Amino acid sequence: MPVEIPKEVLKNFKCYTPYKAPEGLSVKKQLGMFYTMNLIREFDTKVTDLWMENKIYGIAHSYVSSEAIAVGACAALDPEDYIVSTHRGHGHCIAKGSDVKKMMAELYGKYEGYNHGKGGSMHIADVENGMLGAQGIVGGGIPFALGAALSSKVLNKGRVSIGFHGDGGSNQGVWHEAMNMASAYKLPVIYICENNQLAISTPLQNVTGQSDLYLRANGYAVPGVLVDGYNVFAVYEAVKKAVDRARAGQGPSFIEARTIRFLGHFVADDQWYRDLDTVKPYWSLEPLGRMRAYFLDNKLAGEDELKIIEQQAVKDVEEAIDYASNDCTEPPAEKLYEDVYAGGEIIK
Ligand SMILES: Cc1ncc(C[n+]2csc(CCOP(=O)(O)OP(=O)(O)O)c2C)c(N)n1
């Protein structure tokens with residue numbers, strides 16, 4: 001049975017799109033996307049628990065319920081393409097193919113982590129894999145995505161760059177400068193705004209006169225589209241179109257992937273600033289349940305097959321926790337000042 005969405009939710013969440021896989025996307029690839037979404041869900045669910053148990057350092061922001069955005073977007077990329085992430089970056093890393101063991105080691109502050117344990121959740125970078133870094137600064141990744149696209153164009157590499165950011169990030173001045181420059185130089189960059197309609201406790205409509213963010217892009221002669229951010233296929237289709245446009249030399253695109261933030265801003269946020277009962281009905285839009293129902297309803301996969309995929313994600317995260325807590329080492333004191341500056345090496 002398709003997931004039932006209450007009428008009031010459909011009325012308020014204007015961009016709801018029923019699940020339907022685009023033509024040419026094989027069932028194998030769709031099931032791979034389902035696995036990756038489960039891996040993100042499990043990783044960030046466990047990260048919240050581990051943070052509460054004082055096992056991981058620093059702060060972390062959960063990507064739970066936004067899985068369809070990172071997975072739909074990265075499924076439309078080639079492995080050589082670039083992404084730039086935000087403070088809520090675990091989902092982006094996993095969707096781009098980063099290793100959850102090295103990610104977990106980073107959160108545990110271990111030397112085997114992506115940043116040798118010196119970056120933590122908000123600074124994971126997996127450059128070799130095209131994941132150019134998470135950012136503690138809201139909107140900080142927007143110019144990096146632009147730079148990656150500029151280098152791709154100047155060096156004729158044919159690579160596309162995605163700059164993820166939140167609705168809060170879209171109100172930084174750099175968003176406008178980047179959009180302007182990307183448009184003027186026809187750069188192969190796709191900006192994806194994960195509009196969960198809150199920046200910590202601030203509702204989007206309190207800080208902008210135009211909360212249909214996708215309409216803004218047209219002011220820079222950049223195509224702007226609105227998609228259901230809970231629907232992995234809708235995101236995939238929009239990004240694929242933007243990727244094709246970028247590779248054809250036609251320039252940037254802007255995608256507003258709209259959601260409603262279900263959980264707190266960060267792992268320990270008690271959300272004193274809103275009535276959680278008003279959020280509850282929106283859980284019916286949740287992306288994993290909808291995708292699961294789609295597979296079953298269309299007889300593309302059976303219950304047993306889906307369970308195996310879900311259990312695999314649980315096992316992979318368990319192994320990552322085991323690796324980070326038992327097999328990894330503390331960063332040695334003499335390495336403290338290493339990796340602080342980039343050094344002489346230029347990444348080509
Ligand atoms: C330049 C800057 N200002 C303020 C902060 C504090 N801060 C951290 S996350 C956040 C909200 C970001 O909201 P949004 O971009 O919508 O992303 P979301 O957390 O909703 O995913 C703020 C204000 C920061 N990290 N950087």
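I began at Cys193, which stands opposite Glu256 in β7. The model is a predicted one, and I read every entry below with that in mind. Looking along the strands themselves, I noted that β3 and β7 (residues 253–258) pair in the parallel sense over 6 bridges.

I then turned to the pairing with β2, and found that 6 bridges join β2 to β3, the two strands running parallel. Phe164 has Ile192 as its bridge partner in β3. Between these strands the chain passes through helix α7 (residues 173–184), and this β-α-β crossover from β2 to β3 is right-handed.

Next I asked how many residues of strand β3 are buried. The count is 7 of the 7 residues in 189–195, so the strand is largely enclosed by the rest of the structure. I sorted its side chains by direction: Val189, Tyr191, Cys193 and Asn195 point one way, while Ile190, Ile192 and Glu194 point the other way, and all are buried. In a regular strand the side chains alternate between the two faces of the sheet.

Ile142 has its place in helix α6 and is buried, because its relative accessible area is 1%, against a cut-off of under 20%. Ile142 and Ala178 are 36 residues apart in sequence, yet C-alpha to C-alpha they are 7.0 Å apart in space.

The largest cavity has a volume of about 70 Å³, and its lining includes Ser62, Arg88, Asn196, Ile260 and Arg261. By class I recorded 4 nonpolar, 6 polar and 2 charged residues there.

Last, I looked at the second largest pocket, with a volume of about 530 Å³. It is lined by 22 residues, of which Asn196, Gln197, Pro203, Gln205 and Ile260 lie nearest its centre; the lining has 8 nonpolar, 8 polar and 6 charged residues. I marked Asn196 and Ile260 for both entries, as they line the largest cavity and also belong to the lining of this pocket.

Methods. Residues are numbered from 1 along each chain as its sequence is written. This is a predicted model: local features need pLDDT of at least 70, side-chain atom pairs count only at pLDDT 80 or more; totals for chains, interfaces and linings use all residues. Side-chain values use heavy atoms; hydrogens and water are left out. On a 1 Å grid over the protein atoms alone, a cavity is a set of points where a 1.4 Å probe fits but cannot get out, and a pocket is an open set with protein on both sides within 12 Å along at least five of seven lines; lining residues have an atom within 4 Å of a point. Grid points are joined across faces, edges and corners, and a volume is the space filled by probe spheres set on the points. Ala, Val, Leu, Ile, Met, Phe, Trp, Tyr, Cys and Pro count as nonpolar, Asp, Glu, Lys and Arg as charged, and the others, Gly among them, as polar. Helices (H or I, at least four residues) and strands (E, at least two) are DSSP runs, numbered from the N terminus. Buried means under 20% relative accessible area, exposed over 50%, partly exposed in between (1.4 Å probe, protein chains only). Two strands pair if DSSP finds at least two bridges between them. A crossover is right-handed if, with the strands pointing away from the viewer, the path from the first strand over the helix to the second runs clockwise.
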